[in-house]
Amino acid sequence: MDGAQETGYCVVDLKELGELPHDTGVARFSKMAQVAFSLACNDLLTSSPDGTPNTVVHVAVADPHKDRLVSRACTEIVQANKDPHFLTGVTLSSDCPTTPETLVKLTVYDVKDKSQEVGSFLGSATFSVGDLLQAKDERLSLSLRSPDGGCAAGTVVVSRLKMGEMEEAEHIITDVPSQKCPIVCESASHSCVDRDHLLTGPVFTNPVCKVYRFQTADSKWMLVREQMEECTLSFSIPKQLLSLYMQEDMSRVQDLKELGELSPHWDNLRKEVITRYNGIISSYQETLAEMEKITGISFKQSCCKAQKSLEFLPINLHTQRMRVTCPRKTDASYDIVTAGAPAAHFQGFKGGGLQRLLSRYEAEKKSFSTAYQCIYYSPEHTAKAQEVLSSVSLLQPLIGTLADQLLHAAHEHSPPSLREALKNLSDKTEQFVHTLKDELVKCSLLALHAAQPGYVSKNQKSGERDPSPIRTASPLPPAVDEAMLCNNVEGCTQGLRRGDHSIPHHKEYDEEEWDRIWASVAKRLNCVIAMVDQLADQDERSKQERSGEQQQLADVITSHNPASDWREQLCPLVARLKECVTQVVDKAKRAVTFVLLQEAACSIPQGFLLQQRRDVVFSQALAVLACGFVMRVYAGMQDKGFLRQLHLVGLVAQFESLLSTYSEEIGMLEDMEVGVADLRRVVFKVTQARTDHLSDLQPVVRGRRDHFTVEVPLPGPAFQNMPEEIKEGRPLRVFPVLFNVGINEQQTIAERFGDISLQERINQMNFETLQCYYKTLSEKVPRECLPHFQTQTDVKELLETLGQNVVAKRRKNVEILWSAAAVCRRLNGIRFTSCKSAKDRTSMSVTLEQCALLRDEHQLSKDFFIRALDCMRSRLSHGELGRWEDPEVGEAAESKPTSRHFYPIALLLVSSHLLVVWLILSLVFLLAKYQ
């Protein structure tokens, strides 16, 4: 798919278009809707011995601003036929304005050698778009000029195609009004919200369209529109993530500096950790600066996958939409997102991928903790420390805001508002206290205290009075003595020797001080609650007394408790609560930061390198996921069932991987496994855009490494049509699942001589995740909310088939991928397909899936299945045709081929037996060489 935005050019003098007026070609009309047409030829003359040419038609459009033709498309090759009817249509894309005076040139070639892509010129014809639109039945029959300009070399028939209008036999009928079937995309450059965005979204650009006519089983004709687009999120999401990574690391550096005075041992470690963080920040700043310099492109080509400045970008991120219009069935669209597997190509795969590196790192970190005299914290404890730090950072300002709201309600003398504000404040404060009661915080407080200068443990004090005979006989090494002065590592080492990996509990630790500190928050809250209750009771009594005989006394009571007194009485209590919260947050942040310091200290340098690798992989994975989510939301805006499923349960995001379990691709798959799993830390929110300008419709990423939120702004009218739950900001979850089946020749080697346990484990684990998602979905969402398909296979049956294939021991079992894709589509999910670079293998998978959908859901004729597949996989592009000789042009084209989803099937049909023979001969050759 590299180069999808590149356009080929054929340099030509427009005056050579002899039969057309010389003053045409300059646009004098406003831009028209997208024009699509089909082609056929009759009575072609050729110099081939059998008189039957292998025909292909090249389509070019006159550039109104320059004296040249812009190559736009070409048909598939129809072999051995003098009267070919082409299934591949032509779409005049709107990146070049189309007017009635736009000139289109058709050049017909006879492909002599398809493998060498050598063709001879048969003839050409030219027409204007206005001629086609004004012709009877919008059909033109044009004579082809022969190479010598003499007699006609045959005729070419041009017929306009409209999505939403059906063809039967050779005639177009209008069973379905075209206005009910809007064109997928009419413009490649958007400046404001239009109906394009209501179909694909504002983050997509540079559409490449192809149109086909395929025959159904009942001899009708369906129209298929295939549209591929690039996604601006390829750059915007990684840029935002880099900024967030740097903010988080700079905040961590600041927290480390605020730890206060530490012993020399820990102070040196702190300096080293800060140096490492600063190095990462500097590296990310350089990468972001390099990315900011890039303009004019919206995706990373596969040839740049190992480029450092682009390592955070996904490879070849594109969207593919197939829109089908066929008789007696409503229009249908099928979306899929394609991208290269999220992997750290720049860092390489010599030591494996993330999954293997992380496992090895966790095993080695225990020994690192002893060497650096740190307490070993498991990944769960480290994640908990980051969660505590994140929670208190979020809850502290929130408690302050809710406390101010309470005072405002007191000032308004509104008991209901006061009760509501108190309830919100109580809930968040209780959540705050619960977070700080964690055992990890208690242990980290002691560890921080022990790391301060001059600390001596109780064990050491008792040892000075009564030295242990063991220590006298065998004194501890100086490093351990220093560790005991800096921290109580003795309990840690004993715990490790016992095989206990939990956080060590120190004998001298006194919980009373910390318990008093966090309990004071609850006491301050209770004081506020008591005062609110007292004020509410007084207000209630005053109302009752006003209605009775003691009206005068009530006035006296009220005079002593005016409305302004409520705020005055609450203000000191609320101030003490906020002050206490600030004190607790400061102490807890310093304690938990010390935990992260120990984690970072025993991670040098491997832990920092792994974090950078994980950042790279996650950045690529999130850009791909956000692209699919935006496309799916815009496609389902009018589907009430889909929106209900979205906010009640969430969406399944099914990643289909075609990587082999051999050589470097094992490392790529290990990277991708971790990257996809990390997407579980992401939630989405739908917001209302401030304006309808494109810049205000771009998704925004917020959060930190342990939790990210992607906000998707919608135009005002679209946002108002959302369910209330979504408009209120409910987090929308995504459930990522990954299924991998290697399909290339390297996978054949892996299955015969290698190990495929990684693939089997990934498929089994993600099948269980998919099962859990379906169970939750079945409990919360009615079946009517799910889409309906022609093939009435139940989702439960498809899951059973998938489970059977996952455990089956079959080579290259692509049934796993087909079943998973079918389940995903029936669950309203998002489909992703990946291989190493999202080119050959991805192209084969996508085109096969599309043809299978046409066959199963739209009754594609069996006789046309292979032809349809060949059309979609046609590798012959207009750029390659531009290199062929054209007597009317007189020179070669300057175009580059556009790589898309079009590759010959022979790339995959490699005989496993030949591979075995090749391996044996290679081994024999190597043995002979080195002997």
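## Helix α22 and the cysteines

In helix α22, the residues V795, L798, L799, L802, G803, N805 and V806 are buried. Viewed along the axis of α22, these buried residues fall within an arc of 165°, so they line one face of the helix. On the other side of α22, the exposed residues are K796, Q804 and V807. The structure described here is a predicted model.

Which elements cover the buried residues of α22? The cover includes the strand β20 (732–740) together with α21 (757–780) and α23 (815–826).

The helix itself runs over residues 795–807, which makes 13 residues. From its first C-alpha to its last, α22 reaches 19 Å, close to the 18 Å expected at 1.5 Å a residue. At the N-terminal end, α22 is capped by D794. A side-chain oxygen of D794 lies 2.9 Å from the backbone nitrogen of K796, and K796 is one of the exposed residues of the helix.

A separate topic is the cysteines. A search of the whole structure finds zero disulfides. For C851, the closest cysteine sulfur is that of C871, at 8.7 Å, which is too far for a bond, because a disulfide requires sulfur atoms within 2.5 Å. The table gives the relative accessibility of two cysteines.

| Cysteine | Relative accessibility | Class |
|---|---|---|
| C785 | 9% | buried |
| C851 | 0% | buried |

Why do C785 and C851 count as buried? Buried means under 20% relative accessible area, and the values are 9% for C785 and 0% for C851.

Terms used: Residues numbered from 1 in each chain as written. Predicted model: local features only at pLDDT ≥ 70, side-chain atom pairs only at ≥ 80, totals over all residues. Heavy atoms only, no water. Helix = DSSP H or I, 4+ residues; strand = E, 2+ residues; numbered from the N terminus. Expected span 1.5 Å × (residues − 1). Buried < 20%, exposed > 50% of the residue type's maximum accessible area, 1.4 Å probe, protein only. Arc of directions from axis to C-beta. Contact = heavy atoms within 4.5 Å. Polar contact = N/O pair within 3.5 Å; in protein donor to acceptor, adjacent residues only side chain to side chain.
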